[in-house]
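Okay, thanks for coming, everyone. I've got one structure for you today, and I'd like to talk about where its two chains meet. Let me put it up.

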Amino acid sequence: QKEVEQDPGPLSVPEGAIVSLNCTYSNSAFQYFMWYRQYSRKGPELLMYTYSSGNKEDGRFTAQVDKSSKYISLFIRDSQPSDSATYLCAMSVNTNAGKSTFGDGTTLTVKP
Amino acid sequence: DGGITQSPKYLFRKEGQNVTLSCEQNLNHDAMYWYRQDPGQGLRLIYYSQIVNDFQKGDIAEGYSVSREKKESFPLTVTSAQKNPTAFYLCASSPSGSAEQFFGPGTRLTVL
């Protein structure tokens, strides 16, 4: 079983929809949680970075971490065609080693 | 402009040949990483380095080698011992005390 499991998708939604992307994990030592967005044939870019449990909002994006359930989510409000990409969750135990464990990604298509 | 550069963007190699992928960063980050990404898959860690002249194997180091002679540079050599080297290779760097990673644009390697 993988340490990080991500909803596989693909996911297709109409423009303006609310999107929910989810990951579960098994390692309770994870403390840092990231979401990356990767456009086709490009390198990933950091979208959200959170520490421990709670919510973090940045514009149309909200990251949610529930450490008790070992579950994280990324919500996208008012989704746009430009949001069409693959979204990768990543988690890290600490910042010293810097190693992150990535999910396999969920590919999202937002249709105009 | 600060960032990570990878070259070349596309690389073709004949079976049995070694090839070196370049990764340079001017972000003054201590840690650097190499990942491999196969179609529809997440990122798998090949090697990482937290400091100059030191590096550690990741999850799939067999058939690869790295060096870290300068803080700015972390080249990856794909050797002939790597059985299935065709993939998208991503380099990343991370500042001290942070789990977030900054990615380069990637190199797509194809073995003919």
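So, let's start at Gln38(A). Is it buried or exposed? Gln38(A) has a relative accessible area of 6%, and since anything under 20% counts as buried, Gln38(A) is buried. Do keep in mind that this is a predicted model.

Where does Gln38(A) sit? You'll find it in strand 4 of chain A. If we skip residues up to four places away in sequence, it touches Gly43(A), Pro44(A), Ala85(A), Thr86(A) and Leu88(A) in chain A, and on the chain B side Gln37(B), Phe88(B) and Leu90(B).

Now pick out Gln37(B) from that list. The side chain of Gln38(A) makes a polar contact with the side chain of Gln37(B), at 2.9 Å. So what does the partner look like? Gln37(B) belongs to strand 4 of chain B, residues 31-37. With a relative accessibility of 11%, this one also falls under the 20% cut-off, so Gln37(B) counts as buried. Again leaving out residues up to four places away in sequence, Gln37(B) touches Gln38(A) across the way, plus Gly42(B), Leu43(B), Ala87(B), Phe88(B) and Leu90(B) in chain B.

Okay, let's zoom out to the whole interface. How many residues does each chain put in? Chain A gives 21 residues to the contact, and chain B gives 21 residues. Between them the two chains bury about 1700 Å², with 52% of that on carbon and sulfur atoms. On the chain A side, the residues that lose the most area to chain B are Arg41(A), Lys99(A) and Phe102(A), and together they make up 29% of what that side buries.

What about polar links? There are 4 residue pairs in polar contact across the interface of chain A and chain B, counting pairs where both residues are at pLDDT 80 or more. As for salt bridges between chain A and chain B, the count is 0.

Which elements of chain A are involved? Strand 4 of chain A gives the most, with 4 residues, and that's the strand where we found Gln38(A). By class, the chain A side that touches chain B comes out at 9 nonpolar, 8 polar and 4 charged residues.

That's my tour. Happy to go back to any part of it.

How values were computed: Residues numbered from 1 in each chain as written. Chains lettered and ligands numbered in written order. Predicted model: local features only at pLDDT ≥ 70, side-chain atom pairs only at ≥ 80, totals over all residues. Heavy atoms only, no water. Contact = heavy atoms within 4.5 Å. Buried area = accessible area lost by both parts, 1.4 Å probe. Salt bridge = Lys/Arg side-chain N within 4 Å of Asp/Glu carboxyl O. Polar contact = N/O pair within 3.5 Å; in protein donor to acceptor, adjacent residues only side chain to side chain. Helix = DSSP H or I, 4+ residues; strand = E, 2+ residues; numbered from the N terminus. Nonpolar A, V, L, I, M, F, W, Y, C, P; charged D, E, K, R; others polar. Buried < 20%, exposed > 50% of the residue type's maximum accessible area, 1.4 Å probe, protein only.
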